Amino acid sequence: MTSNRSWTPYLLILPSVAFLALLFVAPLVQTIWLALSENGAPSLANMRTMVNDLNFVPSLRNTFLLALAVVPVQVAIALAMGTLVAKIGAGRETILWIWTIPLGISDLAAGMVWLAILQNTGYLNSLLFGLGLIERQTAWLTYQTPVALFVGIAVAEIWRGTAIVMVIIVAGLNQVPREYREAAEIFGAGPWTRFWRITLPLIRPALQSALILRTVLAFEVFAVVYALGGRNFPVLVGEAYTWQNQNQNYGVAGAYAVLIMVISLAATVVYLKAIKVDPERLP
């Protein structure tokens with residue numbers, strides 16, 4: 001009986017392990033082999049081709065700049081929204097539902113929504129023209145307006161991805177004992193002191209998870225960029241898509257995929273080291 005019980009946990013997780021091995025580990029190994037081989041033999045030729053690609057440096061720069069611009073803003077907005085929701089009584093669920101609507105919209109659909117707003121004949125130009133602020137339609141999403149294009153993509157990404165960060169932050173805020181905040185109020189701690197000294201340290205696990213998830217997704221951004229900027233704003237995933245579908249070179253596409261994976265793993269390690277979480281506070 002004891003022997004059977006010792007095998008029970010492994011039997012229970014066996015389906016999940018088999019699922020991951022089939023749909024994650026096997027494609028991962030295949031992708032790494034594609035990136036690091038040529039004609040069936042180990043080679044760095046695909047890596048060299050990727051590094052020498054005309055759009056490699058711009059795509060790497062744009063991806064990092066977009067992540068650096070978007071992730072901190074999303075976390076700050078999510079913290080503000082989560083703190084506000086925590087103080088609301090009636091109607092809290094309705095507000096949360098409204099704020100999480102972007103989660104139900106696909107990346108490409110979100111890009112098309114913002115394309116309708118920012119294109120030459122879009123709603124933004126129509127509004128500005130109607131108010132007399134511009135004399136003619138302004139092109140915001142061309143290679144001649146790189147700053148406007150970057151800002152437009154960043155705003156679209158912030159609108160689309162902040163909701164998932166907020167959901168994680170709200171879940172963390174719900175785990176903060178009310179007694180801590182009440183005790184701080186009794187001893188005269190102000191709102192900022194309570195947030196900085198009590199709330200923020202206690203939601204570190206949620207904050208760590210939100211930062212890791214959102215940063216990894218920021219490095220994998222593609223659909224919104226493709227809808228708004230196309231080839232005018234190259235990013236790493238976009239270059240992988242181009243090499244696979246247009247150039248039909250799966251090895252270089254795999255090299256881009258491996259690079260994105262390495263960058264994501266490095267960012268994850270940085271967050272795990274930078275944001276220390278006590279094991280007792282883990283869910």
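First, the ground rules. The model is predicted, so to speak of local features I need pLDDT of at least 70, and side-chain atom pairs count only at pLDDT 80 or more, while totals for chains, interfaces and linings use all residues. Residues are numbered from 1 along each chain as its sequence is written, and side-chain values use heavy atoms, with hydrogens and water left out.

Confidence next. pLDDT is the predictor's confidence in each residue, from 0 to 100. The chain has a mean of 84, and 94% of its residues reach 70 or more. Helix H8, residues 178-186, has the lowest confidence, with a mean of 73, and H13 the highest, at 92. Helices here are DSSP runs of H or I, at least four residues, numbered from the N terminus.

Now the inside. A nonpolar core is a set of buried Ala, Val, Leu, Ile, Met, Phe, Trp, Tyr and Cys residues joined through side-chain atoms within 4.5 Å. Buried means under 20% relative accessible area, exposed over 50%, and partly exposed in between, with a 1.4 Å probe and protein chains only. The largest core has 43 residues, and Met-50, Val-75, Ile-169, Leu-211 and Tyr-256 have the most contacts inside it. Among the elements giving two or more residues to this core are helix H2 (45-51), helix H3 (56-86) and helix H7 (146-173). H13 supplies the largest share of this core, 10 residues. What does Val-75 touch? Leaving out residues up to four places away in sequence, Val-75 touches Val-165, Leu-207 and Leu-211, where contact means heavy atoms within 4.5 Å.

On to the surface. Trp-7, Tyr-10, Leu-11, Leu-12, Ile-13, Leu-14 and Val-17 form a nonpolar patch there, with about 800 Å² of accessible area together. Such patches take residues with over 30% relative accessible area and no salt bridge; nonpolar side chains (Val, Leu, Ile, Met, Phe, Trp, Tyr) are joined within 5 Å, like charges within 9 Å. A salt bridge is a side-chain nitrogen of Lys or Arg within 4 Å of a carboxyl oxygen of Asp or Glu. Areas come from the Shrake-Rupley method with a 1.4 Å probe. Tyr-10 sits in helix H1, residues 2-35, and counts as exposed because its relative accessible area is 53%.

Last, the loop. Gln-248 lies between helix H12 (236-246) and helix H13 (250-274). Its phi is near 55°, a positive value in a residue other than glycine. Most residues other than glycine have a negative phi. Gln-248 is partly exposed, because its relative accessibility is 47%.
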